[in-house]
Every structure is written in C-alpha cells, then in structure tokens.
Amino acid sequence: MHESMSILIVEDERLISMMLCRLLETAGFAVCGVAPNLLEAYDILENRSPDFVLIDIHLEGDDNGIVLGRRLRKEAKTPFAYVSAYSDRSTYDAAMETKPVAFLQKPISPQALKTILNEYHNGLHHTPR
Amino acid sequence: MDSQNVETILDTLNDLSTVLSLVLRNAFLYQNLEQEVRKRTRELEDKNLVLAKTLRERELMLKEIHHRVKNNLQIINSLLYLQASTSNDQRVQEALEKGQNRIHSMALVHEELYHSEDLERIDILGYTKKLCQNLESIEYGERITIRIEGTEPGLLLPITYSVSIGIILNELITNALKHAYPQGTGGSIIVRIENTGQNATITVADDGPGIAEDLDIAQGRTLGLSLVHNLAQQIHGSFRIQNRSELEAGRQGSIATLAFPLGDDA
C-alpha cells in the first residue's frame, strides 16, 4: 500500500532509528536511508530523493534538524515532520516556523506516527501537532 | 548696645552654634547612613543576582534531567518495540506492548514536568488527556470514545504521586478499552478526576456489560490490577472495582475507583 512512499530518517540515536525503521517497514513504508547528521542527510536527499523526511532536532555533532527543515521548506519539494524529545517553547516555535507536516514529541507513539504518515500519504489534511 | 543686648545676642549665637553643630552632626550621620544603605542595597542586589543565577541554573538542570529521563525511557521503549517485532507469538507482542504503554505513561510524567511552571508538579487532568491520546489511537479510536472530566480546583501532584497515578490511569483505561466492550462492540469510557482539598478521587467508568460476579478482580489476579492495588497502597489510597448497578440501580457497566489522601507535599 505504501511501497511507493520512501522515507529518510534523520536521527542520531541508533536504537531509536532502528525502532523507527522497523516500525515504518512493518507499516508498509520504505526506509531509503538513516542519517545521524546533516551532512549524511543532504547526501541521501540528493542521491535517493525520499518522499518524506523524519527529522530529530538535536543531531550528531551539534547539528540542528531545524536547519534541514528550513532547507526542505525553501526547496518545497520534500515534506517532513519533526520527532524530538526537546519540546521547549523556543525550539517548538523555531521548528513550527518551517511549517512541518507534524511535530511529534518523544517518546513516540508508534500509532500516532503511523496515523500521521498514513494521513499524509492518503492526501488528507493534517493539522501540525 | 547695652550689655543686656550683647548678652542676648551671645546667647542666641550660642544657641545657633549648638543647632548648627547638631545640623552638621545629623548631616554627617545622614551621609554615613546613606552610604551604608547604598552599600547594603548593592550587597542585596549582588545576592539577588547570584540567587537568580542559581535559580536559573537549577531550572535548566531540572529540565535537562527530565529531558534525559524521557529520552532514556524512549530508548527502553524502542528496545521493547524491537524485541516485540522479532516475535511471531501474539501473546509475546501483547505483553511487550503493555510494557511499552506503562513506560510511556512514566515518560509522559517527565514530559509534563518539563513543561510545568515550577518543574515539580503536573496537572493530572492535562496528563490524562495526553495519556488517552496515545491509548485511544492504538486500535479503539472509532468504536470507543473516552471522556475526561475534572473538578475545580485541578489536581496538581508532585512526581512522587504522579508516576503512581500515571501507571494506575494507564492500567485502568487500558483495561476498560480491552475488556469493557467485547466482540467489537463500542461505548464510552468516562475518566473523572476530583480534588476535594484533603483527598482526591479518580474514577474510570464504562457502559459495557459490567464485570462477571465470579471474577475475583479484587485479588488483582492480573499484573495490571496487581500494579493498581500495590500503587494505591503506596500512595495510602484505596482501590475498588464494581458494577455501576451497585451504585445506581439499572446502570450498566463497571466503575473503578481510586481514592487517596493529599499529603502535605501534594
């Protein structure tokens, strides 16, 4: 059902990215890559053209996922959602300025993530949370 | 000028000199006092700056602790999810999913504390709403609705209570979602949170067929209910589950009631 939708996971915590990979693949999505930092994320974006990007905010080597969100918003090609444990007001506001599909807080609810991706995939309007 | 006038003038000059010396002395004392007040004010301002800095540092440290605890709980949940995904046994998957939900209920306490004003207490009503968003979306969203009610004033609890209450709420709501509406039936679950000042009461009621009379729920045979009984004791509270018809004739469904005293730190 979701075979055509490929997803890039930008997450530096390996156990969490492993869980996300398994969760997305079980739900029928294809994971086209996992990047722990911005450099690797840009490389995968260029070479594998994902349909959707899941972005953690605090990344390896002090990289900030919001920088990637801004670039994706500017290019307006690839939709994305944030998945972050940092949910203080200033981080949240800065993230929401980039107009993501959603802002999910860790601990991630697997069902909530699947629902957001399914709604997006099915073309339903989703209010960022 | 006669001698009497001279004497009067001298007396007046003498008085003036006394007054002048008093004025000068007072001026000197006033100046000293002003300097002392300025010095003390500066000292107090410096102390306030140090206190404010310490307070900010404490807040940042507490936030960082809640964040790290939350992150570690997310990692534990990821491990349980990965473990569950390697098994084809539905019972194993269900058991690990229950574990994940329990950990999620604890992580949510730290999430709420992170956002709370004093970083020490959370609003149980707001917490319950977020907890239910996760539970409701699991698989029951369309056939079972959850209504959450709270009385004023709200119930603000410190972490010592919140983790226990979070796990209890998770068990009771999960229990109602899984067992109150068998064979694909639907209905509504009402979670009510009451704060009477000295005590608090939390009820979870459903409008399903109710509990079977021979079901010895009070003994807490399942791990979930055993957790509820033990955590209720930990917060010096009482717990019971009964059919709603026992409280109101003709009423369908069951109701679980947790009552506990609000101690000095609650």
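Let's start where one helix meets its neighbours: the buried residues of α1(B) pack against α1 (14-26) and α5 (110-121) of chain A, together with α2 (90-115) of chain B. This is a predicted model, and this meeting point is a handy place from which to explore it.

Which residues of α1(B) are buried? They are His66(B), Lys70(B), Leu73(B), Gln74(B), Asn77(B), Ser78(B), Leu80(B) and Tyr81(B). The spacing in such a list is worth a glance, because an α-helix has 3.6 residues a turn, so residues three or four places apart point the same way.

Now step back to the helix itself. Helix α1 of chain B covers residues 3-85 and has 83 residues. From its first C-alpha to its last, α1(B) reaches 120 Å, close to the 123 Å expected at 1.5 Å a residue. The number buried among those 83 residues is eight, so α1(B) lies largely in the open.

What does the contact between the chains look like? Chain B contributes 18 residues and chain A contributes 19 residues. On the side of chain B that touches chain A, the elements giving two or more residues are α1, α2 and α3 (124-139) of chain B. Of these, α1(B) gives the most, with 12 residues. Sorted by class, that side of chain B has seven nonpolar, nine polar and two charged residues.

Chain B can also be read by domains. Its domain assignment gives domain 1 (1-119) and domain 2 (121-266). The centres of these two domains of chain B, taken over C-alpha atoms, are separated by 38 Å. Where they meet, 11 residues of domain 1 of chain B are in contact with 15 residues of domain 2 of chain B. The side of domain 1 of chain B that touches domain 2 divides into four nonpolar, four polar and three charged residues.

That brings us to the largest nonpolar core, which has 46 residues. The members that touch the most other members are Ile168(B), Leu172(B), Ile173(B), Ile189(B) and Val204(B). Helix α4 (residues 159-179) of chain B gives the most to this core, with nine residues. Both domain 1 (1-119) and domain 2 (121-266) of chain B give residues to this core, so it lies between them. For a closer look, take Ile168(B): leaving aside residues up to four places away in sequence, Ile168(B) touches Val228(B), Leu231(B), Ala232(B) and Leu258(B). Apart from this core lies another, of 40 residues, including Leu23(A), Leu45(A), Leu59(A) and Val101(A).

How values were computed:
Residues numbered from 1 in each chain as written. Chains lettered and ligands numbered in written order. Predicted model: local features only at pLDDT ≥ 70, side-chain atom pairs only at ≥ 80, totals over all residues. Helix = DSSP H or I, 4+ residues; strand = E, 2+ residues; numbered from the N terminus. Expected span 1.5 Å × (residues − 1). Buried ≥ 20, exposed ≤ 12 C-beta atoms within 10 Å, placed from the backbone. Contact = placed C-beta atoms within 7 Å. Domains from an automatic or database assignment. Nonpolar A, V, L, I, M, F, W, Y, C, P; charged D, E, K, R; others polar. Core = buried A, V, L, I, M, F, W, Y, C linked by C-beta atoms within 7 Å.
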